[in-house]
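At each stop, select first, then read on.

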Amino acid sequence: MGNGFACMPRKEHRGAASVSRSKRMGSARSARGGPKLTPAEEELLHRQALAMAIHQHLDAGGSMSRRIDAGASMSRRMAPGSTSSRRRGDLPDSVINAKPPQIVLEKLETKKIVLVHGEGFGAWCWYKTISHLEEAGLEPVALDLTGSGIDHTDTNSIATLADYSKPLIDYLDKLPEDEKVILVGHSCGGASVSYALEHCPQKISKAVFLTATMVKDGQRPFDVFSEELRSADVFLQESQFLVYGNGKDKPPTGLMFDKQQIKGLYFNQTPSKDMALAAVSMRPIPLAPIMEKLSLTPDKYGTVRRYFIQTLDDHMLSPDAQEKLVRENPPDGIFKIKGGDHCPFFSKPQSLNKILLEIAQIQAPAALLPGKASVEETAVEKS
């Protein structure tokens with residue numbers, strides 16, 4: 001995974017409560033009042049993200065926070081009307097290719113969206129999404145899970161999903177009693193989102209699974225990828241990508257794909273400059289959290305509305321595998337990004353932003369009935 005993925009971090013644990021405000025990466029264009037970035041502004045935004053990532057790679061003790069919180073520098077772009085989820089067949093071309101919906105902030109259940117990265121990634125991967133959501137007046141917060149981003153925990157020491165997800169649970173526990181958030185989980189970050197739904201359902205308004213491991217009760221996150229990466233038993237016996245942090249005579253502790261494997265699985269539609277950012281930022285993947293069976297109950301996990309975002313040019317979690325996920329564990333809504341690879345926050349950031357804004361505006365029904373009566377779909381065309 002480039003230099004950043006092959007280099008193991010030094011063993012040092014930073015407290016889960018360490019947080020700070022992010023640098024205002026999108027402030028240059030906020031003053032303009034429009035959601036469209038000029039090429040120069042896009043380049044500046046990316047250079048800032050890359051500079052911080054390189055600083056992190058060269059000196060892990062730098063000044064970046066474990067959490068990117070962009071909630072304080074929002075531009076207020078309020079307009080009447082709102083958009084709700086529609087069935088795909090009812091969606092005209094004029095809507096499919098429309099600009100991101102303008103929203104009435106006062107009508108939202110919550111403005112705070114917590115972004116949970118996938119395996120090997122960190123809070124840094126959401127820099128484009130943070131910029132877009134902030135421009136719309138929302139309050140995005142990106143977290144580093146344990147051993148990810150600039151959290152210095154040795155990934156080989158992470159033994160459970162609870163250990164891995166601790167920064168997310170700590171964050172939710174510290175929210176005011178009457179405050180809720182929207183959780184967005186990418187890839188294996190979906191396991192941490194599901195874990196949070198089971199342990200803190202009262203703090204979560206909605207959960208969004210972005211081409212993510214939306215597992216059933218008793219299922220392992222790894223099982224979702226088994227069709228692409230072979231069965232767990234075979235993978236653990238034969239994979240050349242396993243890391244044995246505690247010695248070859250002990251069970252494997254992590255995964256470390258090579259650069260070409262990463263490019264083919266994750267970044268087949270991603271711009272080269274974002275692949276460069278990932279190369280100096282990605283970390284080894286702790287194995288234990290994705291091999292752990294989740295315990296999910298209708299009384300907790302089942303009480304929160306779930307939405308799934310499919311990416312239709314995904315080589316890591318194929319469209320067929322994503323269809324199987326939503327068929328076996330139906331969410332409240334399904335959204336699709338055409339032309340998006342496994343990392344749409346890089347390859348299709350504007351399409352992802354449209355969907356997140358739409359989900360944020362979906363109002364809770366008057367009475368939440370048990371079970372999922374229907375599933376609605378919205379397609380976002382390739383743009």
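## Stop 1: an aromatic cluster

Select F121, W124, W126, Y127, Y266, F267, F345 and F346: together they form one aromatic cluster. Keep in mind that this is a predicted model. The structure holds 12 aromatic pairs. The cut-off for stacked is under 30 degrees.

Where in the chain do W124 and F346 sit? W124 is in the loop between β3 (112–116) and α5 (127–135). F346 is in helix α14 (residues 344–347).

## Stop 2: a tilted pair

Next, select Y307 and F335. They form an aromatic pair too, with 6.5 Å from centre to centre and 55° between the planes. This pair is tilted. Y307 lies in strand β10 (residues 305–311) and F335 in strand β11 (residues 333–337), so the pair ties together parts that are 28 residues apart in sequence.

Are these two residues buried or exposed? Y307 has 3% relative accessibility, so Y307 counts as buried. F335 has a relative accessible area of 0% and is buried.

## Stop 3: helix α15

Select residues 349–361. This is helix α15, with 13 residues. From its first C-alpha to its last, α15 reaches 19 Å, close to the 18 Å expected at 1.5 Å a residue.

How many residues of α15 are buried? The count is 12 of the 13, so α15 is largely enclosed by the rest of the structure. Among the buried residues are P349, L352, K354, E358 and A360.

Now pick out Q361, which lies in helix α15. Q361 is buried, with a relative accessible area of 5%. Q361 and K107 are 254 residues apart in sequence, but their C-alpha atoms are 7.8 Å apart in space.

## Stop 4

Select residues 161–173 for helix α6. Its 13 residues should span 18 Å at 1.5 Å a residue. The end C-alpha atoms are 17 Å apart, which agrees. Look along the helix to P167, where α6 bends by about 50°. P167 is one of the buried residues of α6, which also include L161, Y164, I169 and L172.

Two packed helices are described by the angle between their axes and the distance between the axes. α6 passes α7 in a right-handed crossing.

## Stop 5: two positive phi values

Select S187, in the loop between β5 (181–186) and α7. Its phi is near 50°, a positive value in a residue other than glycine. S187 is at 0% relative accessibility, so S187 counts as buried.

Finish at T211, in the loop between β6 (204–210) and α8 (221–224). T211 is not a glycine, yet its phi is positive, at about 35°. With 0% relative accessibility, T211 counts as buried.

Terms used:
Residues are numbered from 1 along each chain as its sequence is written. This is a predicted model: local features need pLDDT of at least 70, side-chain atom pairs count only at pLDDT 80 or more; totals for chains, interfaces and linings use all residues. Side-chain values use heavy atoms; hydrogens and water are left out. Helices (H or I, at least four residues) and strands (E, at least two) are DSSP runs, numbered from the N terminus. The expected span of a helix is 1.5 Å times one less than its number of residues. Buried means under 20% relative accessible area, exposed over 50%, partly exposed in between (1.4 Å probe, protein chains only). Rings of Phe, Tyr and Trp (its six-membered ring) pair if their centres lie within 6.5 Å; planes under 30 degrees apart count as stacked, over 60 as edge-to-face and the rest as tilted. The bend at a residue is the angle between axes fitted to the seven residues ending there and the seven starting there. A crossing is left-handed if the near helix is turned anticlockwise from the far one by less than a right angle, and right-handed if clockwise.
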